[in-house]
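This briefing covers the overall makeup of a protein chain, one of its sheets and a selection of its salt bridges. Please have the sequence and structure at hand while reading.

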Amino acid sequence: MKKFLCLIILFSISPVWILAQQDAKIKKSQIIENIGGKDHYLHFVKQGETLFEIAKTYDLTVNDIFATNPESAEGIRPGQILKIPVQVKKKKTTENTNSESEYFFHIVKSKETLYGISRKYGVDISEIKSLNPEMGEYPKEGETIKIPIRKSSENSNDDIWEGIIVEHIVKPGETLYGIAKQYNVTIGEILNANAGLSEQIKEGMEIQIPNQIDKKELAEQKKQEEHKAKFDEHTVVAGETLYRIAANYGVSIDTLKNYNSGLTEILTVGQIILIPKISQQKNYIYHTPDKKEKLQDIADQYGVDYYELLVLNPGVHKKVAKGQVLKIPVEIRETIENNEDEIADFDLEEANSPCEMIKQNMQATYNVALMLPLFLEELDSLETADIKDRSEIPNLVSFRFLQFYEGFLIAVDSLREAGMNLNLFVYDVDNTDEKIDKVLHTSELSSMDLIIGPFYSASFKKVADFARIYQIKIVNPLSTREEILFGNPYVFKVKPGESFQIDNIVSFIQDQYSESNVVIVRHNKYKYQADVSYIRNFLNTNRNSGIYIKNNNIIDELIEAETNKVFTENILFDIKALSENVLDSTFIRNTVKEVIYVNDSTTGMKMNLSLLRKNIVIAFSEDKVFTQEILSQLNKLQLDHDITLIVIPEWNENDDLETKHLLNLQVHCFTSTLVDFNNYRTKQWVLNFRNKYKTEPTANKYAFDGFDIGWYFLNALYLYSENFETCIQNYDIDLIQSKFEFEQITGNGYQNTYWNIGKFIDYNFIKVKN
């Protein structure tokens, strides 16, 4: 339990006291707090202070400060609060005793390995293990480990770094923290690349920056990757003709000549021909004769049936005139991304990008596959006489995803009415191998432009592999697992991952509560360490380090206190002294605070809450007991404090929470699905659904998922063709229960990053603008 043991000098607090001169000597803090059974000074970092100077002031080593403030290993900033041990037992000096400059701390991130960490800092794995005997073979996420500092550059091998080392000349006003941020490295990495370097850098110093990527090498690598992504290379073998190669790859002769300078119909064995990569769309390519040709000769050149040409080209007879466009049947048809030259083959207007080709795309006919677990065999064997209570029919497994289908059909009908030419193929696919194998062997599946589903993981994996081979976009409607994206750039995952809640929450607080007191609460210090560090560092960096509050407003907030002196915001306020300076203002630090509940309990929360301004409490919990405890204790504290509680992850799925607590604390939480039934457009949609299907649409039966997914992807297909992924960054369309903001994981699929933020108010859970 936290407890103040001594001492606060009593005086009127004013901006003059807070904004002390930067060149003044560092003074020991007068605030002592008992944390984890040990006394600590609470030191507020001021502009210009360094860790070495602070450590010297308190007669400690830098590592003593690192031990209680592991995040400071990445650098300190003005306004940051450091916990400084009041007493540290000194070890006797021996040859093996570590000095303050022998190591620094590193917080292990998700999926980091000892090998990766050693490469990052340019040290041996054995050195890290030696400094961390309690660590074990595999470091855990959030664990703080010691990294040895290279004391000398002698016998060092620069090859142990991940990338190249570049030189940086220190400019006026630069700090080591700022330089590290500029090059996207940590202070520890720079220290280990510059033996003997401290945080006290000076203008003109030459600093080695490790782990950088050679720009020329990066540009060449990018060029090769872009080339590989756009082209296949075909090596000519004996007996091949240019016509057969064109037909096999589904591209026209003119296209091959455009990308292969000097290419003619005369080929040599071993010749390399660049083939633009293709995606499945139509079953023909175009041939334009340079002179009058016989239809039979053209059929022989391409290796196709004479009568197929007649069927595909009505009006064409035995001879084809010069310049007459002829369709040649193939399995696939070319679609060259971002290429204006190829557009001319189809007699289309020129466009600067695929996103501008809206009129042309609207003329096309698209094939869409919808794979649902309908369990039709259950309906086939169902005897009406066996059902005594007809109200149980909707609960049958066959009806589980029926509303998804019905919602999707509303989107299909709306697009067809708007003029979209659409062929919809519906398949009954569950988690049985028999059904999925049957679908994969259908002749039409390879001609799809878009696949929605399947819903079960094993089935989706098989269909996704098929979609990757035939370059078909495939949408997973319900899974939150990121693994489905790996190695397949054609997969779209609709449900956002929990990791994106953190990005949403910092943006939300930055926009809505930039001057509020932010307190993070979690059960113990081991879980959520990476997320907590990110939130704290982002808000401390991007918000103002402090705010001014007028003294008369402070008096109004504290006037009902039982004593004349009140401690809040880490300041002891003297109401009488404030009354003598009512026209002045007081500077309040605006840094993020943290409470480890298992150590600090309710007292810790109360000490970190503000009596002067709104408190935004961010609570991390997946444990129902801890969740209920936090809500109960904060509900008591809200009687004296203005509290808004933001909870992570999806607490709204916990049905055991007290409604009055949720309302009193204005609880905000994340959800991937949130329907505003007061919205006019939603009301009209619900009415349409009722009239069409004679039932009520519900979120837990996926009615809104079906419509939103259909409306988003079918519109994208209609507007931008099957290559719509090139346009989705600027594609924003209104949906019912969420929003889709897709980002691609390099070399993998696309995932939705958007979370709804909702809050409890007036016994409703409503959407908050974010």
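A salt bridge here is a side-chain nitrogen of Lys or Arg within 4 Å of a carboxyl oxygen of Asp or Glu. By that definition, the whole structure, which is a predicted model, contains 18 salt bridges.

**Overall makeup**
- The protein chain has 27 helices and 31 strands.
- Of its 770 residues, 48% are buried.
- The chain exposes about 40,100 Å², and carbon and sulfur atoms supply 48% of that area.
- Among contacts with a separation of 6 or more, 69% are between residues 24 or more positions apart.

**A seven-stranded sheet**
- Seven strands make an open sheet of mixed pairing, in the order β15-β14-β16-β17-β18-β29-β28.
- Its edge strands, β15 (421–428) and β28 (742–744), each pair on one side only.
- From one strand to the next, the twist averages 20°.
- Strands β18 (residues 491–493) and β29 (residues 750–752) run parallel and are joined by two bridges; K493 has Q751 in β29 as its bridge partner.

**Salt bridges**
- K462 and D433 meet through their side chains at 3.2 Å, N to O. K462 belongs to helix α18 and D433 to helix α17, so the pair ties together parts 29 residues apart in sequence.
- E594 and R522 form a salt bridge with their closest N and O atoms 2.6 Å apart. Because E594 lies in strand β24 and R522 in strand β19, this pair ties together parts 72 residues apart in sequence.
- R522 is buried, at 2% relative accessible area, whereas E594 is partly exposed at 24%.
- E483 pairs with R481 at 3.4 Å between the closest N and O atoms; E483 is partly exposed at 47%, and R481 is partly exposed at 34%.
- A network of salt bridges links D428, D430 and K435.

Conventions
Residues numbered from 1 in each chain as written. Predicted model: local features only at pLDDT ≥ 70, side-chain atom pairs only at ≥ 80, totals over all residues. Heavy atoms only, no water. Helix = DSSP H or I, 4+ residues; strand = E, 2+ residues; numbered from the N terminus. Buried < 20%, exposed > 50% of the residue type's maximum accessible area, 1.4 Å probe, protein only. Contact = heavy atoms within 4.5 Å. Areas by Shrake-Rupley, 256 points an atom, 1.4 Å probe, with all protein chains shown as cover. Pairing = 2+ DSSP bridges. Axes fitted to C-alpha atoms, helices over the stretch in contact; angles between N-to-C directions.
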